[in-house]
Amino acid sequence: MSSKRLGRYFLVFPGEGALVLYSASLYFLLGLGMALGRASSDTLFFKRFGVEFLPHMFFATGILLVLFGLFYAELADRVRSHRLFQGMLLLYVVFLGFTWTFISTDSHPLWYVVYFLGYAVFSEFVVTHFNLYVSGFMDPLQSKRLFPLITAGSRMGGIIGGAMMAVMLSWLNTEDMALVWAASLSISIILLAAYHRGEQRPTKRKAKSTHSATASRGRFTAISEGLRYARRSAFVRVTGYAMFALIVIIAIQDYLVSTIITGHFTDEAQLAAFFGWFTAITNAVTLFLQLLVTNRMMRRFGLKFVSLIYPVTSLLTFAALAVSPSFLAALVGRFNYMGFLPAFRHPSANLYFHALPLQVQGRVRALMTGLVLPLGMGFAGLMLIAVDKEAVIQWLGWVGFAAAGAYLLFQVWKNRLYGTSLVQLIQGQVFVSKGGTIEDLRRLDRAVCARLEQLIREAKDTDSLMTFVDLLWRGAPEDAGPILLDIAPTKEPAIRDRLLRILANLRSPGWEGFAHTCQNDGDPHLRGTALTLLAEHGDDRVWAVTEEWLRHDSPRFRATAAHIAMGSGHPGTMEGGRETLERMLASNLSSDLMAALSVVRLMRDPSWYDRVAPLTTHENRRVHAAAVYCLGAIGEPGKGIMAGILQKAFDDPVWEVRKAAIASAPGHLPLDARLALLSRALRDESFQVKKAAADTAPLLMPMTLEDYRTSLSGFADDFRILALLCDGLTAAKFDGADTLLRETVHNQLDAAERKRRIALAVKAMNPEEASIAVSQESFLSTVLHEEVHRHLGLALHALDVMGEHDVVRAGRAAWASREKSTRALALETMLSGQQDPLIRRLATVLQNEHDETWRSGEAVPVASWEETLIWCATHGSRWLKRCAQSLNTRIETAPTGERPAVW
């Protein structure tokens, strides 16, 4: 396979290959050394010092991480990244050589402690600084593409390192692995020096100017800033809880597993060989999971599912250790935190930080690494120190099981907060003001574009993906083309079809090449779209394909070719295209009819009316619906015919036909009929019909201010239509629109107050005279109460579209709150500085809508239940009318002796 094909397969773009090879090679050497260090330090400490002292090491490691973290933060801000890296590695080579001198001569056993702690500190900070060092070469998008390949280098190093140790133990001692580790680090230093050879050292002033003000304040400042942010963010707090629990269960499992394995191998050489081979095999399996399993699972099942794998495997392995603390259970437990942890938990954990604003991610990471990690290790160490060493195997597994259960619960809680945090992030980064549109935004900055690109790549459903795409191409059309061209080939045909239309509209450089690629795709709809767009943009290469497709077996291809031919401007070609479509419309095959209707609809030519109209009675529901759509688009030669067709179509029992009818209604029905049809569609039993009605509603609105006034009066009891009329009136921006909206608010408040008084009168109507009256009185009062709330909601909605957002927010708070103090504060906010009598009247009505004021107020004098029901059946909404009619029927059918006297 050529290097170019390899690059495309691994998403390595031209010019990036050398960087990836260098970084992966460096990480390979570091991973090899860490494999040798982990296996040898564990073996020497467990056998020559004692595994029972492992909890003390956890506690000591926590302290050392804090101390070295402060020292590292100071140097990281003052020293160039590769210089500091070389210094860290050189210092550790010296440390290894010095330590080997003592452990190879059977000096004091504390040197094994020093070696063990040296590995623990090194493994944390070398990985941290490697990530910082490599990130300086790449932008965030490159990091997402290339870091899996670079990480694979570390896994390969772990495989080779583990196998090397197992093999070399036949002629070397366990302590000699420190020298082999030092040799790998020495090669890393040479590689670093060679890569940066010839670079000029920056001047003191330049180096100082490049330092971040935040970083210069040190790690503990970042930690304190992270703590301040955690106080405001539930997501960050739960992340900290989860990480603390994670550190505890890793420590418990490591201690328990190490105790069992060390007891199983009586010979030190056997234990060291076991650790070597186990490290090699574990890294090999982890590499396989990272490259071929984790990413696919994350794409198919989502981030939240993958994040729960390690908590569940921890529960299972602790259960196995608690039930049967055998060597096999210990093997599974060690693989859990050495294999499943880096394979599943680490990749998903890194992605969770994307739900935080970019400017706080570093502070939160510093909080986790500099505070939560040491605290977790210190707590685990102290807890295990207090463990009864003789009874550890019997009950520690159940303690770990409980800790793993807590970690699982924290992770589930974290998953719930993740979506909320992400939505807040998008609202903060991409903000469209009330009443504005996406087109009103200025060009989005590069950071927002990068974030939207990431969201598009990670979207799990089409609706979310297209929402982010819409934000991107409308807010940054210059950047959207290259991004979408990079993303589109990886998506399924239906999404590619939609993205291709956007790319053609943007005229992004290279979109024609992508269109030609789509033209050769297996999906006929995508191929047809590609050919149509290329023809519309004057690509001469489509004509040969068009002639071929006019004779194609696929109806979709023939219809597309006919559409292109009719737009060619050549009489002969146009005639051939029309004949093809006429033959397809005369066909008995549903596939021919569907394909032909889909392109005739695009032509908007009334001359096709006589061909299409008969198909509105076709027995196939899809053909029937497509014919209605088509007639709605092409129009009709005369007037009045379409109205009957659409009314009949909306009475059809098939939801696809009803959806087509409401979508085709604009331009073919008088105003009252349009709004009546819209009202029915909004109450339809089919969600698809309701959605089509909501989408079509702006096109069905009145065209003049007087028409709006008439409609607001004629549909005074239809709350859905009234809300849409308020929206349309605001969007139309007529002179006098605000006056009409204020009249609407007054009318809604009038209706709310009147129905409230009627409800009070109903409560006062002798319900004790007959048992049937009690339930009816309570039911009617409840319905009237709901009706009052709907009038108030519509009044607030009308004020909201008028721009009174602060008043509306305060009004809703006053309405919803059950606490007197909160309600009083909200009402005071409404009235503060307000001299508008409409707002003051609204505040009064809202104040009267709470339970304690419902028992007061003036009731409308009503002579009888019958009069009340007649009024409700005349002036109420559809629901109130139905309730009143139902009660009236019960009254008429009740025996005379059971009717209350007031009837």
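Reader: Is Thr 580 buried or exposed, and what is its relative accessible area?
Author: In this predicted model, Thr 580 belongs to helix H25, which spans residues 571–585. A residue counts as buried when its relative accessible area is under 20%. Thr 580 is therefore buried, its relative accessible area being 5%.

Reader: Which residue has its backbone oxygen 3.0 Å from a polar atom of the Thr 580 side chain?
Author: A polar contact requires N or O atoms within 3.5 Å. The side chain of Thr 580 places a polar atom 3.0 Å from a backbone oxygen, and that oxygen belongs to Gly 576.

Reader: Which residues does Thr 580 contact, leaving aside its neighbours within four places in sequence?
Author: Contact here means heavy atoms within 4.5 Å. With the neighbours within four places in sequence set aside, the residues in contact with Thr 580 are Leu 550, Arg 558 and Ala 562.

Reader: How are H25 and H26 oriented to each other, and what is the handedness of their crossing?
Author: The axes of H25 and helix H26 (residues 590–603) come within 8 Å and cross at roughly 130°. The two helices are therefore oblique to each other. Their crossing is left-handed.

Reader: How many nonpolar, polar and charged residues make the contact of H25 with H26?
Author: On the H25 side, the contact is made by Leu 581, Met 584 and Leu 585, while H26 contributes residues including Asp 592, Leu 593 and Met 603. Sorted by class, the contact of H25 with H26 has ten nonpolar, no polar and one charged residues.

Reader: What angle do H31 and H34 make, and what is the handedness of their crossing?
Author: Helix H31 (residues 671–682) packs against helix H34 (residues 719–732) with the axes 9 Å apart and at an angle of about 120°. That angle makes H31 oblique to H34. The crossing at about 120° is right-handed.

Reader: Which residues of H34 meet H31?
Author: By class, the contact of H31 with H34 has six nonpolar, one polar and one charged residues. From H31, Leu 675, Leu 678, Ser 679 and Leu 682 take part. Their partners in H34 are Arg 720, Ile 721, Leu 724 and Leu 725.

Reader: Where is Arg 604 found, and what is its phi?
Author: Arg 604 is exposed, because its relative accessibility is 57%. Arg 604 is found in the loop between H26 and helix H27 (609–612). Although Arg 604 is a residue other than glycine, its phi is positive, near 50°.

Reader: What is the phi of Lys 733?
Author: Lys 733 is placed in the loop between H34 and helix H35 (737–763). At 70% relative accessibility, Lys 733 counts as exposed. Lys 733 is not a glycine, yet its phi is positive, at about 60°.

Technical notes:
Residues are numbered from 1 along each chain as its sequence is written. This is a predicted model: local features need pLDDT of at least 70, side-chain atom pairs count only at pLDDT 80 or more; totals for chains, interfaces and linings use all residues. Side-chain values use heavy atoms; hydrogens and water are left out. Helices (H or I, at least four residues) and strands (E, at least two) are DSSP runs, numbered from the N terminus. Buried means under 20% relative accessible area, exposed over 50%, partly exposed in between (1.4 Å probe, protein chains only). A polar contact is a pair of N or O atoms within 3.5 Å; within protein, one must be able to donate a hydrogen and the other to accept it, and residues adjacent in sequence count only if both atoms are side-chain atoms. Axes are lines fitted to C-alpha atoms, for helices over the stretch in contact, and angles run from 0 to 180 degrees between N-to-C directions. Angles under 35 degrees count as roughly parallel, over 145 as roughly antiparallel, 65 to 115 as roughly perpendicular and the rest as oblique. A crossing is left-handed if the near helix is turned anticlockwise from the far one by less than a right angle, and right-handed if clockwise. Ala, Val, Leu, Ile, Met, Phe, Trp, Tyr, Cys and Pro count as nonpolar, Asp, Glu, Lys and Arg as charged, and the others, Gly among them, as polar.
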